[in-house]
Amino acid sequence: MLKNHENALEIERGRKFFKRNDIFLDVYEKRYLKDFEKYSSFLEEEGLLKPQLRFNKKDIDLLIQFKQGIADGSLLKRRNELEEAQESVRGFSHMFFKNDKYLDGKTLLIDAINKIFNITLVDNKSQQYLYMLQCEAPKLIILCENGNFLNRDKIPRANGYELWYAGGRNIPKLEYTHQIRRGLPIYYSGDWDKDGLEIFELAKQKIPDLELLLPDGISKSINVSDHKSLWKYPETPEKLSGLNPELYNEEETLLIIELIKKNHWITEEGNKLKVMIENSSFYN
């Protein structure tokens, strides 16, 4: 931004600071003052105007939209759904930002969202190796790539789903889970991208009867979502990005090929857990 002002001859660079030129104030008042007053007033009203604040313009615009939506009632239904679902930080980020990890580490922005919606988004992090969401009479176990589903207990516990979270690729100790399985069938829920499916394959080495859940969520562009897990061999999608073709049925294989061709992925958080189980071998 300073470089743009310098190129426009509105400011000039000194040894340790910039100095405004005669036209700077006129340009500033015409182009930026109105927005500055708008944002400054909003942040001050919300108690967010602090020296450590690092929000960008898009963040503040979205916070203003949230505030207006709560005030005029257009976001009240969504707000109640978020509270009912015990939504996580990453789940919220998936809904309102292009990247489900956009809010990771942005404590002040998360606090602002919580305040405006009058909710408490659940933290994504767990320091336990095998984090479990138990229920009274489990019918099956779901091994989750991410912790999002484990932070929302109502649907799993109402339907007899015991959820396990081993923490991404940290799966070696799954080898020692035979006793705590109690003979229950076990399924895998994860991102449908190269990394997520590779984790499934590694987990299946430890638990040979582990079954993959077919996602019901909508795919999205890897490029648009700034995603880091890229498909291999995009020019030959039938290679399944180097995945083991013997581990996938025809429907799963066709979906992987389609995702590779479109350069898309499906986030675990974008799926409905109950729908995936109802479409699984457990009910078929």
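This is a predicted model: local features need pLDDT of at least 70, side-chain atom pairs count only at pLDDT 80 or more; totals for chains, interfaces and linings use all residues.
Reader: Which residues of H7 are buried?

Author: An α-helix has 3.6 residues a turn, so residues three or four places apart point the same way. In H7 (residues 107-117), the buried residues are Leu109, Ile110, Ala112, Ile113, Asn114, Ile116 and Phe117. Buried means under 20% relative accessible area, exposed over 50%, and partly exposed in between, with a 1.4 Å probe and protein chains only.

Reader: Which helices do the buried residues of H7 pack against?

Author: They pack against H3 (33-45), H4 (57-72), H5 (76-84) and H6 (89-96).

Reader: How do the axes of H3 and H4 cross?

Author: They come within 11 Å and cross at roughly 60°. Axes are lines fitted to C-alpha atoms, for helices over the stretch in contact, and angles run from 0 to 180 degrees between N-to-C directions. H3 and H4 are therefore oblique to each other (under 35 degrees is roughly parallel, over 145 roughly antiparallel, 65 to 115 roughly perpendicular, and the rest oblique). The residues in contact (heavy atoms within 4.5 Å) include Tyr39 and Phe42 of H3 and Ile60 and Ile64 of H4.

Reader: What is the strand order in the open sheet of five strands?

Author: Strands of a sheet pair through backbone hydrogen bonds, either parallel or antiparallel. Here the order is S3-S5-S4-S6-S7, with mixed pairing (two strands pair if DSSP finds at least two bridges between them). The edge strands are S3 (131-133) and S7 (211-212), each pairing on one side only. S5 (residues 161-165) pairs with S3 in the antiparallel sense over three bridges, and with S4 (residues 140-144) in the parallel sense over five bridges.

Reader: Which way do the residues of S5 point?

Author: In a regular strand the side chains alternate between the two faces of the sheet. From S5, Tyr161, Leu163 and Tyr165 point one way and Glu162 and Trp164 the other way, and all are buried. Leu163 is the bridge partner of Leu133, and Trp164 that of Leu143.

Notes
Residues are numbered from 1 along each chain as its sequence is written. Side-chain values use heavy atoms; hydrogens and water are left out. Helices (H or I, at least four residues) and strands (E, at least two) are DSSP runs, numbered from the N terminus.
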